[in-house]
Amino acid sequence: MDREEDGLFQAYSILCLPVNASNSDVKQKYKELALKYHPDKLPPDVSDEERKQALSTFVSIEEAYHLLSDPAARDQYNTVNKAKLLTQDYPISEEIDLSDMLYDESEGVYTTTCRCGGQYTITEDDLTSGIDLTCCDVCSLTIRVLYQHNQYSDNGVT
Ligand SMILES: [Zn+2]
């Protein structure tokens, strides 16, 4: 199955960033990647095929950056992708209990590591609005977070 073309939150995967990355994270990662894939920065001995690949990666990086560095566009992108995540019938690779996830109290987010080394992130806001699916920030796997909906909205998870 190929979700590369229209993967959810793909702009984030392209920049290797979590969905909750800060603006300066976006900027920094973009600089780093743009430098790495810039057509002028390639060694002279790369093949035409590699050059073409690098160019298309570079273009994706540019596009992702333009989208994510514009707060309004980014907000809308997140909303659309979250809605897609909820309505589309993606296969769930795993179900993870909320209590098995790492809780970051200052950020109000739960995270867990994907088998690819990437990270799944779900925010308290997601949970209170009934969202229980989240996708990896690196690969295209999706997990379902198991938690008691009514329990959560009472006074948080212990
Ligand atoms: Zn992954």
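Student: What percentage of the 158 residues in the chain do buried residues make up?
Tutor: This is a predicted model, and a residue is called buried here when its relative accessible area is under 20%. Among the 158 residues of the chain, the buried ones make up 34%.

Student: How many helices and strands does the chain have, and in what order do the elements run from the N terminus on?
Tutor: The chain has 6 helices and 6 strands. Read from the N terminus on, the elements follow the order α-α-α-α-β-β-β-β-α-β-β-α.

Student: What share of the contacts with a separation of 6 or more is accounted for by residues 24 or more positions apart?
Tutor: A contact here requires heavy atoms within 4.5 Å. When the contacts in the chain with a separation of 6 or more are considered, residues 24 or more positions apart account for 50%.

Student: Which strands are the edge strands of the open sheet with mixed pairing?
Tutor: This open sheet has 3 strands in the order β1-β6-β5, and its pairing is mixed. An edge strand pairs on one side only, which is the case for β1 (94-97) and β5 (133-135). On average, and with direction ignored, neighbouring strands of this sheet are turned by 35° against each other. The edge strands are thus named as β1 and β5.

Student: Which residue in β6 stands opposite Glu-95?
Tutor: Strand β1 is joined by 4 bridges to strand β6 (residues 142-146), and the two run parallel. Within this sheet, the residue of β6 that stands opposite Glu-95 is Arg-144.

Student: What is the average twist from one strand to the next in the open sheet with antiparallel pairing?
Tutor: That open sheet has 3 strands in the order β2-β3-β4, with antiparallel pairing. Its edge strands, each of which pairs on one side only, are β2 (102-104) and β4. From one strand to the next, the twist averages 25°.

Student: Which residue in β4 is the bridge partner of Tyr-110?
Tutor: Strand β3 (residues 109-113) and strand β4 (residues 119-123) run antiparallel and are joined by 5 bridges. For Tyr-110, the bridge partner in β4 is Ile-122.

Student: Which residue takes a positive phi in the hairpin of β3 and β4?
Tutor: The hairpin of β3 and β4 has 5 residues between the strands. In this hairpin a positive phi near 100° is taken by Gly-117.

Student: What is the angle between the planes of Tyr-12 and Tyr-77?
Tutor: A search of the whole structure finds 4 aromatic pairs, and one of them, formed by Tyr-12 and Tyr-77, is tilted, at 6.2 Å centre to centre. The pair links distant parts of the chain, with Tyr-12 in helix α1 (residues 10-14) and Tyr-77 in helix α4 (residues 71-87), 65 residues apart. Both Tyr-12 and Tyr-77 are buried. Between the planes of Tyr-12 and Tyr-77 the angle is 35°.

Student: How many residues apart in sequence are the parts that the pair of Tyr-30 and Tyr-65 ties together?
Tutor: Tyr-30 and Tyr-65 form a stacked aromatic pair, at 3.9 Å centre to centre and with 10° between the planes. Because Tyr-30 lies in helix α2 (residues 23-37) and Tyr-65 in helix α3 (residues 48-68), the pair ties together parts whose separation in sequence is 35 residues.

Student: Is Tyr-30 buried or exposed?
Tutor: The relative accessibility of Tyr-30 is 17%, and the limit for a buried residue is under 20%. Tyr-65, with a relative accessible area of 15%, is buried. Tyr-30 therefore counts as buried.

Student: Which residues form one aromatic cluster with Phe-9?
Tutor: Tyr-12 and Tyr-77 form a tilted aromatic pair. The cluster that holds Phe-9 also holds these two residues, Tyr-12 and Tyr-77.

Student: How many disulfides does the structure hold?
Tutor: A disulfide is a covalent bond between the sulfur atoms of two cysteines. Cys-16 counts as partly exposed at 45% relative accessibility, and Cys-139 counts as partly exposed at 25%. The number of disulfides in the structure is 0.

Student: How far apart in space are Asp-40 and Arg-51, C-alpha to C-alpha?
Tutor: Asp-40 is found in the loop between α2 and α3, and at 67% relative accessibility it counts as exposed. Asp-40 and Arg-51 are 11 residues apart in sequence. In space, C-alpha to C-alpha, Asp-40 and Arg-51 are apart by 9.9 Å.

Notes
Residues are numbered from 1 along each chain as its sequence is written. This is a predicted model: local features need pLDDT of at least 70, side-chain atom pairs count only at pLDDT 80 or more; totals for chains, interfaces and linings use all residues. Side-chain values use heavy atoms; hydrogens and water are left out. Two strands pair if DSSP finds at least two bridges between them. Axes are lines fitted to C-alpha atoms, for helices over the stretch in contact, and angles run from 0 to 180 degrees between N-to-C directions. Buried means under 20% relative accessible area, exposed over 50%, partly exposed in between (1.4 Å probe, protein chains only). Rings of Phe, Tyr and Trp (its six-membered ring) pair if their centres lie within 6.5 Å; planes under 30 degrees apart count as stacked, over 60 as edge-to-face and the rest as tilted. A disulfide is a pair of cysteine sulfur atoms within 2.5 Å.
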